[in-house]
Amino acid sequence: MTLIMGVMGIINLAHGQLMMLAMYVTLVLNTMGIDPYVSLFVAMPLLFLLGVAIQKFLLNPLIRVETILPENQVLMTVGIGMVLTEIARFTFSSDYKYITTDYSNRTFAIGNISFSVALTIAFGIALVFTAAMFWFLLKTDLGRSIRATAQDKDAATLMGVNTARITVITFGIGSALVAAAGCLLAPVYYYYWMLQR
């Protein structure tokens, strides 16, 4: 969410619904026998493509238009979130959904402190993603372009950075990362709360 806000200058209010969508992708894959953490390799690319499509076809046209209300992109993300919520409600209904794995309720102890196995695995994977994201933003040309666009969009454009392309890619990356969060939390939480009005 911070990545998207830094580059685009708007808050993506559909971020939670994108995570919900990733959790439902995880649920569907789990019914096919795929572990929730393995479903990262499916949910992240799917949400990346969805994020790219949302940015390219729904948000970028609003960014280009001069209007009295510059927050039109934010309002669009609210609308996108509502559409995703209703699609999920229609497809999966509003009753409780959950994923049960061998390790969902398992714990281990270090001294007198007990730890959830599922949350510990999620924490480890999240650390790997955080380190990978830092490396990507600091060491790659695309990462430097993203940081330049976030710091000063006009200066980045003058330096030859295709800022329109960067915003599309950044929204896709942000969507893929929230998909990772959805997959990591899927074995731990019920889904019902994300579909309540």
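Reader: How many residues does helix H5 have, and what distance does H5 reach from its first C-alpha to its last?
Author: Happy to start there, with the reminder that this is a predicted model. Helix H5 runs over residues 117-139. At 1.5 Å a residue, the expected reach is 33 Å, and the helix comes close to that. So, taking the expected span as 1.5 Å times one less than the number of residues, the pair you want is 23 residues and 33 Å.

Reader: Which residues of H5 are buried, and what do they pack against?
Author: The buried residues of H5 are Val117, Ala118, Ala122, Met133, Phe136 and Leu137. Two strands are among their partners, S1 (107-110) and S2 (113-116). The helices that the buried residues of H5 pack against are H1 (2-8), H6 (141-151) and H8 (163-185).

Reader: Stepping back, how many helices and strands does the protein chain have?
Author: Reading from the N terminus, the elements run α-α-α-α-β-β-α-α-α-α. The C-alpha trace spans about 55 × 40 × 30 Å along its principal axes. The count for the protein chain is 8 helices and 2 strands.

Reader: What percentage of the residues in the protein chain is buried?
Author: The protein chain has 197 residues. Of the contacts between residues at least 6 apart in sequence, 72% join residues at least 24 apart. The buried share of the residues is 41%.

Reader: At what angle do H2 and H3 pack, and is the make-up of their contact nonpolar or polar?
Author: Two packed helices are described by the angle between their axes and the distance between the axes. For H2 and H3 the axes lie 10 Å apart, at an angle of about 145 degrees, and the crossing is right-handed. From H2 come Leu18, Leu21, Ala22, Val25 and Leu29, which meet Val42, Ala43, Leu46, Leu47, Leu50 and Ile54 in H3. These residues divide into 11 nonpolar, no polar and no charged, so the make-up is nonpolar.

Reader: Is Val25 buried or exposed?
Author: Val25 lies in helix H2 and, leaving aside neighbours within four places in sequence, is in contact with Ala43 and Leu46. The relative accessibility of Val25 is 18%, and the cut-off is under 20%. Val25 therefore counts as buried.

Reader: With which residue does the side chain of Thr26 make a polar contact?
Author: Thr26 is found in helix H2 (residues 15-31). Thr26 counts as buried because its relative accessibility is 0%. The contact joins two side chains at 3.5 Å, and the partner of Thr26 is Ser39.

Reader: How far apart are the axes of H3 and H4, and is their crossing right-handed or left-handed?
Author: Helix H3 covers residues 40-64 and helix H4 residues 72-92, and they pack at an angle of about 150 degrees. In the contact, Ile54, Leu58, Leu59, Leu62 and Ile63 of H3 meet Asn72, Gln73, Met76, Thr77 and Ile80 of H4. These divide into 7 nonpolar, 3 polar and no charged. The axes are 9 Å apart and the crossing is right-handed.

Reader: Why does Ile54 count as buried?
Author: Ile54 is found in helix H3 and, leaving aside neighbours within four places in sequence, is in contact with Leu18, Leu59, Ile80 and Phe171. Its C-alpha is separated by 9.0 Å from that of Thr77, 23 residues apart along the chain. Ile54 counts as buried because its value falls under 20%. Its relative accessible area is 7%.

Reader: Which residue follows H4 with a positive phi?
Author: H4 has 21 residues and reaches 30 Å from its first C-alpha to its last. Its buried residues include Gln73, Thr77, Leu84 and Arg89, and what covers the buried residues includes H2 and H3. After H4 comes a residue whose phi is near 70 degrees, and that residue is Ser93.

Note on methods. Residues are numbered from 1 along each chain as its sequence is written. This is a predicted model: local features need pLDDT of at least 70, side-chain atom pairs count only at pLDDT 80 or more; totals for chains, interfaces and linings use all residues. Side-chain values use heavy atoms; hydrogens and water are left out. Helices (H or I, at least four residues) and strands (E, at least two) are DSSP runs, numbered from the N terminus. Buried means under 20% relative accessible area, exposed over 50%, partly exposed in between (1.4 Å probe, protein chains only). Contact means heavy atoms within 4.5 Å. Axes are lines fitted to C-alpha atoms, for helices over the stretch in contact, and angles run from 0 to 180 degrees between N-to-C directions. A crossing is left-handed if the near helix is turned anticlockwise from the far one by less than a right angle, and right-handed if clockwise. A polar contact is a pair of N or O atoms within 3.5 Å; within protein, one must be able to donate a hydrogen and the other to accept it, and residues adjacent in sequence count only if both atoms are side-chain atoms.
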